[in-house]
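Please walk me through this structure in a few paragraphs.

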4 protein chains.
Amino acid sequence: MTKILKMGMIGGGPGSMIGDIHRITATASGKAKLVCGAFSSTKEKSIEKGKELGLDENRIYESYSEMIKKEALLDEDKRIDFVTIVTPNFLHFEPAKLALEAGFHVICDKPLAFDYNEALQFEKVVEKAKGHFAMTYTYKGYPLLEKAKEIIDSGHLGDLRKVKVDYSQGWLSQLIEAEGHKQASWRTNPEKSGKGGTIADIGTHAFNLLESVSGLKVKSLMADVSILVPGRKIDDDTNVLLEMDNGAKGYLSSSQICTGEDQDLSVKIYGSKASLIWNHNQPNLITIKYPDFKEESIKGLDKELIEENEVNLPGHSSYFTEAFQRIYEGFFDTIQNTNNKTDFVKANIKDGVRDMLFIEKAIQSSNEKKWIKL
Amino acid sequence: MTKILKMGMIGGGPGSMIGDIHRITATASGKAKLVCGAFSSTKEKSIEKGKELGLDENRIYESYSEMIKKEALLDEDKRIDFVTIVTPNFLHFEPAKLALEAGFHVICDKPLAFDYNEALQFEKVVEKAKGHFAMTYTYKGYPLLEKAKEIIDSGHLGDLRKVKVDYSQGWLSQLIEAEGHKQASWRTNPEKSGKGGTIADIGTHAFNLLESVSGLKVKSLMADVSILVPGRKIDDDTNVLLEMDNGAKGYLSSSQICTGEDQDLSVKIYGSKASLIWNHNQPNLITIKYPDFKEESIKGLDKELIEENEVNLPGHSSYFTEAFQRIYEGFFDTIQNTNNKTDFVKANIKDGVRDMLFIEKAIQSSNEKKWIKL
Amino acid sequence: MTKILKMGMIGGGPGSMIGDIHRITATASGKAKLVCGAFSSTKEKSIEKGKELGLDENRIYESYSEMIKKEALLDEDKRIDFVTIVTPNFLHFEPAKLALEAGFHVICDKPLAFDYNEALQFEKVVEKAKGHFAMTYTYKGYPLLEKAKEIIDSGHLGDLRKVKVDYSQGWLSQLIEAEGHKQASWRTNPEKSGKGGTIADIGTHAFNLLESVSGLKVKSLMADVSILVPGRKIDDDTNVLLEMDNGAKGYLSSSQICTGEDQDLSVKIYGSKASLIWNHNQPNLITIKYPDFKEESIKGLDKELIEENEVNLPGHSSYFTEAFQRIYEGFFDTIQNTNNKTDFVKANIKDGVRDMLFIEKAIQSSNEKKWIKL
Amino acid sequence: MTKILKMGMIGGGPGSMIGDIHRITATASGKAKLVCGAFSSTKEKSIEKGKELGLDENRIYESYSEMIKKEALLDEDKRIDFVTIVTPNFLHFEPAKLALEAGFHVICDKPLAFDYNEALQFEKVVEKAKGHFAMTYTYKGYPLLEKAKEIIDSGHLGDLRKVKVDYSQGWLSQLIEAEGHKQASWRTNPEKSGKGGTIADIGTHAFNLLESVSGLKVKSLMADVSILVPGRKIDDDTNVLLEMDNGAKGYLSSSQICTGEDQDLSVKIYGSKASLIWNHNQPNLITIKYPDFKEESIKGLDKELIEENEVNLPGHSSYFTEAFQRIYEGFFDTIQNTNNKTDFVKANIKDGVRDMLFIEKAIQSSNEKKWIKL
């Protein structure tokens, strides 16, 4: 029997959304439990959250540096095995560095870093570290996207010719940061979010999803990165023409000002023999289309998927929290050196660095109004 | 600060699906934690599961009667506050009775009991008990169904005239109980499932959902309860004509032999001024239709819903696990005497008893081939 | 080269909807042209319509009896070949009888007759007639429904076990006949519509569609035929439990009071090996579902269908008018003794008589509250 | 009573698809009838088609120049009123010029001309002509797109910020021109199609639809026009970044190599107060989305639309052929100087010229890899 991993959390204080998701999905399987945290830069808030979660008071820390220092002094059977980082983007690198240098494993939210330069430093830290480093790209946890990749890798679509990925949300269609909306405030603040706004927040999801599923790399791009809501300080809309490394063409669009759109994310990959469509509206469905206009749908309840993914109920499908759970299981897999999950769910430092490169180059292309190699 | 509730589980051993859902969603909020369990009637399996979950060995029990007896002897700050029952239908009443008589709160899966007669006994036990009793009707946890009820209660649809509810699954389209499929085996075994098969398993969901959301009661029904897969020992398909207490007409259909259907559940309520449609394919969406063919859609991300339901992420919606979590929060609400959730999510013994009456009368109507009053 | 058929129309005066559809789709192919008509029981209206259509004034008739008498006296190369009857239900039999007895072919809207008794007389007239008699069941003209029948006939679904057909409209959700709505007025008037209202108007579509596509016959039924809008004089809602001749079970529902529903028609047929779903929302799509939850879609643009149905454009599908056109081509096929279309599109007197039987028995079952053999 | 207009057709010989659509929809209302044609450049084919349609033999012409010359010599009550041109793109200008100069009205398929230069010449001919000139942009005939324009013009969406239009087909995903497919052959032949392939064939639909519905003009664009199927001689895929004249951003994509896509056309317009979505899958539906994630749907059966569009049946919606019919009615409106239809359906020479400019500039932008003003 493998040991239960001990988890420490940095960030995720009162009012955080993503912190709860990480904690619940990391611990749902019984393979990990939360033992400590530095939940907020405000001491009282960190304590409030830690108590709410029933932690020992002496393991609710006032700062991430205190947490890492003190945890490192505990006995091996008591101290944390890994750290989950769920702070805003500008606060990923420092705590990750401390934790990795102290010998802990680290799993971190995306985008990786403040900018591409910091991402390169980050990569060096990870390369030297003893512990493992993983990232939570939600969509890599969706079983049907993993299935999509398998289908594409098998050659079933023939030569890939055209790609489309569009991720549109509407929650920033109004200038809600001016009204004190917490999530909007840091995400639209260049000092906390980094160089990119929407392009970093969800454009990177679109980019990572496209490259992960298609197996292609973006070779060059022509981007238009805009601020479309008056008064905003950072981009909220991006449209990009793409040339892939095999010659395929296409576009990527990401926006948070598409009024009324909740989570309109789709990826469409067109090949010479068949095409593959996935849409977040029905996340456990892939549609494959053929030249004679016949179509096949594959659902999450495919027998193979049920077998390999025991948590599925008959009649209930894999969504967001399940995706997160699979990502954590991939991470535990790496840590425990078991082999239960594929590489697909295990996003790592390379995904993070490449995303930061995408942000950098898209902004440059938009500013210089020209095609740029990636 | 409210205390963290201590939970004990009966059932949910290795291979159980629903046990994990109960544990995860009950404990996700940090308001409860699992402290003990009698997970299986097989001692080894109970221990295996308890260890996997990291429980103290002396609180992993061999039987539910042992568990209730021993927990009752512990100090109040140590012993369980409530019991979750996730055993097959024939094993709901006995453990619930023991637990309630020992003074514990109980939350139990549906359908309530083996048959209507047992349900009536169950009701008496609950009435006399000091502890609270709740049931987990999943669909009562869906925020949009609660919203649907509010809309209907407000009179927005005018006089209700027609109702349709259809719950079709396909996982029993083959005789998989003959191949040893665990879930299928007990659910199609009249000795474990009770008088009804599919009608009990999902017909009751459809029935409860219809009455809960519409606010109407079924006045009389004409049912056709069938076994459609050769070799099966219990009903797998039911179609029912309905007359509601306000004169509305309609139908209810539930089936587990609809080949290829995953979870095709919909409820449609037609009024003189407007109609309301909900479909499990898009569980966080209500559509309202008007006589001039205009339509309105309400999504789970409605600002009000976000405010009242903090766990929601922008761009992510409330599904199955979230529904369960809300049901548990309703239960904790009752226990702690707080008032955070509406009655809608708090299914109780009356829901359970009425469901058993529905099963009884539908089977009688089918056998006697006539309309029967409920 | 086949000759161009000469068409005469009975009914379809100013304000008629269906008359234009018949004329346009009958003549679209160039295989027929309209040469005369008795468009209304009001002389002026008949003349107005005939002039609008550019007919010779001496072939615009004041009554259908005048039309048939005078056309019969014309030379063969001048007189009509066939009559299209698009009057209200109570006025189908008389003109059809006259036309058939005069030796003309007749094509008639559904439902066939005023009641079952009249339908039986109708059948005798057709049997003795020299000319051909056809009916326009719109849905028999949909290429994908014909394809559906082929798939089912091939045994691809295995044993058929469950059927569902639901046809819901909302245009009679208000008592619009009281406000003088022309279509509503005759359709809700038992003297013009016949014994059945909604059950005759669209219930027969549902019934014919179910039997045509599945290849099964309804063996017995248990119906609930209701008037749900206060003040209405004829049924506007019907729900029926079905037992098919092979033992399959299911339901049929038809309603015109489903507020806000436009044309919500679907047929679902579940077999032991696969299921088939067709929905009027996407009329050129069939979905086939398998036990492992994989799905296939077949679209109208299937190469075979394009070849056999030349009018289709790439990228445009077969809908209502195209369906009508195919039905007329089936009729011309019969008349000209060519063999271009299958029997599927050629509804005949037997379809009409069986529909009238369905109406008769459903109403009887509803009144007597019992299962009735068909 | 207005006179029945006499129609002559140029093009539309055996095997043509669009010719039949023009003839049927132009004549469906009884307001026009076909009296002559020059259906093919091959004499025998022209005669074959003319006979099939039952035309007088002396009005089936061998060439369009013969037709226009001879028709002009007939008496006014006999000769044609207007000419319909349905030849390939390179054969629009010459016959239109002859017909207009002979005093006839002309209605012509899109795209207008072989290239932008020819379009400018065309414009001069139209300006000098006595007769009217109209174009058949199918999508301008869709009632719901006209409704969309009304909604946007009313200011209901607030400031328009983002636009997306995507028109994807799959019928050219294989090199079917190499197998002699008639439609594919001329459309992929630069000598017949003109400078643009897919961008001319359907990109212009997307462009015209976007500008017509939004009321915005494209100010500058950055295009990537590609040949993606090996062996093809003309573009089959185009992706364009857009800047609109009010500062809105967005993209336009058109492709005929999207394997398995039938007619995947959608337009999405996002404003500060609301957004509007139309999708060809459900052509009689507009969805309006609001910042609070509520949505409204407007259907073609909206009472107002029924009143103004008498051909609609309750329960049946306006699609492709209906759209064409409305366009012809707009044309007749212009000719007869009545005022039954809005300007929306009346595409004219300006639409045609602007489209040719779009093709010219998109290809230039793609070649020069830079943003270009329109």
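In chain B, helix α3 (residues 64-73) and helix α4 (residues 93-101) have axes that come within 10 Å and cross at roughly 5°. Axes here are lines fitted to C-alpha atoms, for helices over the stretch in contact, and the angles run from 0 to 180 degrees between N-to-C directions. The helices (H or I, at least four residues) and strands (E, at least two) are DSSP runs numbered from the N terminus. The angle therefore makes α3(B) roughly parallel to α4(B); angles under 35 degrees count as roughly parallel, over 145 as roughly antiparallel, 65 to 115 as roughly perpendicular and the rest as oblique. Tyr64(B), Ser65(B) and Ile68(B) of α3(B) make the contact with Glu94(B), Pro95(B), Leu98(B) and Ala99(B) of α4(B), where contact means heavy atoms within 4.5 Å. These residues divide into five nonpolar, one polar and one charged, with Ala, Val, Leu, Ile, Met, Phe, Trp, Tyr, Cys and Pro taken as nonpolar, Asp, Glu, Lys and Arg as charged, and the others, Gly among them, as polar.

The model is predicted: local features need pLDDT of at least 70 and side-chain atom pairs count only at pLDDT 80 or more, while totals for chains, interfaces and linings use all residues. Residues are numbered from 1 along each chain as its sequence is written, chains are lettered from A and ligands numbered from 1 in the order in which they are written, and side-chain values use heavy atoms, with hydrogens and water left out.

The crossing of α5(D) past α12(D) is left-handed, meaning that the near helix is turned anticlockwise from the far one by less than a right angle, and clockwise for right-handed. From α5(D), Tyr116(D), Ala119(D), Leu120(D), Phe122(D), Glu123(D) and Val126(D) meet Ile349(D), Lys350(D), Val353(D), Met356(D), Leu357(D) and Glu360(D) of α12(D). This contact has nine nonpolar, no polar and three charged residues.

On the α9(D) side the contact includes Ile199(D), Gly203(D) and Phe207(D), and on the α12(D) side it includes Arg354(D), Phe358(D) and Ala362(D). The residues of this contact divide into six nonpolar, three polar and four charged.

Between chains, how many residues does the contact of chain A with chain D take from each? It takes 49 from chain A and 49 from chain D. The area buried between these two chains is about 3,600 Å², of which carbon and sulfur atoms give 52%; buried area is the accessible area (1.4 Å probe) that two parts lose on being put together, summed over both. Ten salt bridges are counted between chain A and chain D, each being a side-chain nitrogen of Lys or Arg within 4 Å of a carboxyl oxygen of Asp or Glu. One joins Asp237(A) to Lys162(D) at 2.8 Å, N to O. Another pairs Lys164(A) with Asp166(D) at 3.0 Å; this pair crosses from strand β6 (residues 160-168) of chain A to strand β6 (residues 160-168) of chain D.

For chains C and B, 49 residues of chain C are in contact with 50 of chain B. These chains bury about 3,600 Å² between them, 52% of it on carbon and sulfur atoms, and the count is ten salt bridges. Among them is Lys162(C) with Asp237(B), whose closest N and O atoms are 2.8 Å apart. Over all chains, the structure holds 116 salt bridges.

Some backbone details remain. Most residues other than glycine have a negative phi, and most peptide bonds are trans. The peptide bond from Lys110(B) to Pro111(B) is cis, with omega near -5°, and Pro111(B) sits in the loop between β4 (105-109) and α5 (116-128) of chain B. In chain D, the bond from Lys110(D) to Pro111(D) is cis, with omega near -5°. Lys369(A), a residue other than glycine, has a positive phi near 50°, and lies in the loop between α12 (349-368) and β14 (372-373) of chain A.
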